[in-house]
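Here is a friendly note to read alongside the model. Please keep the viewer open as you go through the points.

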Amino acid sequence: MRTVLLILFALLTTPALAQGWQTYDNARFGYSIDIPPAFSGQGESDNGDGQAFAAEGKPIDLLVWGGYALEGFDAEIAQRMVWDTEEAWNITYQATTPRWASWSAIKGFRIVYQRMVLLCDGSRYAAFRAEYSVTDSAEMDPVIERLVQSLRGNC
């Protein structure tokens, strides 16, 4: 019975989660990602690599950007994880493949989740980084899942 209720709840809430999402397309690096309805863009960066988004009324930040993997994609991932560790983030999850990487970390009462995908030419990547309070984790779990699924190169 409990399983049936969980499935019914998931089916009823999934359409609500899908409503209002918009797609952010980045012309410079050729990637796109779905942006949640409660997030507003803060304006594209001066160099056109991405944009910051903020959740209305919540301490949730979403950064989206593209970059060049000059030393290789694996090296870029490793460097960014080192930077997180140096900033006192405790990495609690990580998964990497030759084409993508994801990790999450915690520091105090904050969670960070980062995803990077190698773009079509193999020398550029697209990434997002969401930072939010542990109290928002249940709300953010399906948002993170959708962000992960939607981050892709436009080739």
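The numbered points below go from the whole chain to its sheets, cores and a few single residues.

1. **Ground rules.** This is a predicted model, in which local features need pLDDT of at least 70, side-chain atom pairs count only at pLDDT 80 or more, and totals for chains, interfaces and linings use all residues. Residues are numbered from 1 along each chain as its sequence is written, and side-chain values use heavy atoms, with hydrogens and water left out.

2. **Confidence.** The pLDDT (the predictor's confidence in each residue, from 0 to 100) averages 89 over the chain, and 88% of the residues score at least 70. Residues 1–18 are the part to treat with care: their pLDDT is below 50, and beyond near neighbours in sequence this stretch has three contacts in the model. Contact here means heavy atoms within 4.5 Å. Where pLDDT is low, the predicted coordinates should not be read in detail.

3. **The overall layout.** The chain has three helices and 10 strands. Both are DSSP runs, numbered from the N terminus: helices are H or I with at least four residues, strands are E with at least two. Along the sequence the pattern reads α-β-β-β-β-β-α-β-β-β-β-α-β. Among contacts with a separation of 6 or more, 44% are between residues 24 or more positions apart. Of the 155 residues, 41% count as buried, where buried means under 20% relative accessible area, exposed over 50%, and partly exposed in between (1.4 Å probe, protein chains only).

4. **A three-stranded sheet.** Look for the open sheet with the order β1-β2-β10 and antiparallel pairing. Two strands pair if DSSP finds at least two bridges between them. β1 (22–26) and β10 stand at the edges with a single partner strand each, so one side of each has no neighbour in the sheet. Five bridges link β1 and β2 in the antiparallel sense, and Asp25 stands opposite Ser32 in β2.

5. **Other strand pairs.** β4 and β5 are antiparallel over five bridges, with Ala52 opposite Leu63 in β5. These two strands form a hairpin with five residues between them, and Gly57 in the turn has a positive phi of about 75°. β5 also pairs with β9, in the antiparallel sense over eight bridges; there, Tyr68 has Arg124 in β9 as its bridge partner. Further along, β6 (residues 90–96) and β7 (residues 100–107) are antiparallel over six bridges, and a hairpin joins them through three residues.

6. **The cores.** Which residues touch the most other members of the largest nonpolar core? They are Leu62, Val64, Phe128 and Ile144, out of 26 residues in that core. β2, β4 (50–55), β5 (61–68), β8 (110–118), β9 (124–133) and α3 (137–150) each give two or more residues to this core, and α3 gives the most, with five. Apart from it lies another core of 11 residues, among them Trp65, Ala69, Phe73 and Tyr125. A nonpolar core is a set of buried Ala, Val, Leu, Ile, Met, Phe, Trp, Tyr and Cys residues joined through side-chain atoms within 4.5 Å.

7. **Helix α3.** This helix has 14 residues and reaches 19 Å from its first C-alpha to its last, close to the 20 Å expected at 1.5 Å a residue; the expected span is 1.5 Å times one less than the number of residues. Its buried residues are Met140, Val143, Ile144, Leu147, Val148 and Ser150. These pack against β2, β3 (39–44), β5, β8, β9 and β10 (152–153).

8. Asp34, in strand β2 (residues 31–35), is buried, with a relative accessible area of 11%. The Asp34 side chain makes a polar contact with that of Thr23 (3.2 Å). A polar contact is a pair of N or O atoms within 3.5 Å; within protein, one must be able to donate a hydrogen and the other to accept it, and residues adjacent in sequence count only if both atoms are side-chain atoms. Ser133, in strand β9, is buried at 13% relative accessibility. The Ser133 side chain makes a polar contact with the side chain of Thr135 (2.8 Å).
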